[in-house]
Amino acid sequence: TPINIFEVFFGVFLKNFEPDEKEQNTIDFFNNVEMITLNRNAALLAARMNAEFTKIGKRFETPDILIISIFLSVGCTKIITKDKIFLNLKNIEVINY
């Protein structure tokens with residue numbers, strides 16, 4: 001998603017990598033994966049999911065709930081992340097790193 005691109009590039013720019021090489025490698029990576037974006041169904045799903053999680057005291061950060069709702073709206077069932085909040089989801093396999 002565009003949110004993922006932001007998060008990855010933020011990390012690249014934040015760290016003191018060789019800008020040209022690391023930036024180009026990241027651009028090359030994202031040029032080889034399908035871009036999925038937020039649509040009406042994913043936005044409604046995100047709102048519904050975050051409301052339900054908020055009611056039980058497990059509120060997601062907005063970018064995270066948008067990412068997962070986008071994934072779910074296109075049938076993705078796995079996510080690779082370091083964020084432990086995703087472990088609260090029952091309908092998706094979370095691969096932590």
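## Aromatic residues and chain architecture

In this predicted model, Phe 30 counts as buried because its relative accessibility is 17%, which falls under the 20% limit applied to that class. Phe 30 belongs, together with Phe 9, Phe 13 and Phe 29, to one aromatic cluster.

A search of the whole structure finds six aromatic pairs. Among them is the pair of Phe 29 and Phe 30, whose geometry is edge-to-face, and another is the pair of Phe 53 and Phe 60, which is likewise classed as edge-to-face. The values for these pairs are set out here.

| Aromatic pair | Centre to centre | Angle between planes |
|---|---|---|
| Phe 29 and Phe 30 | 5.1 Å | 75 degrees |
| Phe 53 and Phe 60 | 5.0 Å | 70 degrees |

The edge-to-face label follows from the angles because planes over 60 degrees apart are assigned to that class. In the pair of Phe 53 and Phe 60, Phe 53 is buried, with a relative accessible area of 12%, and Phe 60 is buried as well, with a relative accessible area of 1%.

The chain contains four helices and two strands, and along the sequence these elements follow the pattern α-α-α-α-β-β. One of the helix contacts can be described in detail. Helix α1, which covers residues 2-14, and helix α4, which covers residues 62-73, have axes that come within 9 Å and cross at roughly 130 degrees. On the side of α1 the contact is made by Ile 3, Asn 4 and Glu 7, while α4 contributes Pro 63, Asp 64, Leu 66, Ile 67 and Phe 71. Sorted by class, the residues in the contact of α1 with α4 are five nonpolar, one polar and two charged.

For the chain as a whole, the C-alpha trace spans about 45 × 25 × 20 Å along its principal axes. Of the 97 residues in the chain, 29% are buried, and the accessible surface comes to about 6,900 Å², with 55% of that area belonging to carbon and sulfur atoms. Considering contacts in the chain between residues at least 6 apart in sequence, 42% join residues at least 24 apart.

Technical notes
Residues numbered from 1 in each chain as written. Predicted model: local features only at pLDDT ≥ 70, side-chain atom pairs only at ≥ 80, totals over all residues. Heavy atoms only, no water. Axes fitted to C-alpha atoms, helices over the stretch in contact; angles between N-to-C directions. Contact = heavy atoms within 4.5 Å. Nonpolar A, V, L, I, M, F, W, Y, C, P; charged D, E, K, R; others polar. Phe/Tyr/Trp six-rings, centres within 6.5 Å; stacked < 30°, edge-to-face > 60°. Buried < 20%, exposed > 50% of the residue type's maximum accessible area, 1.4 Å probe, protein only. Areas by Shrake-Rupley, 256 points an atom, 1.4 Å probe, with all protein chains shown as cover.
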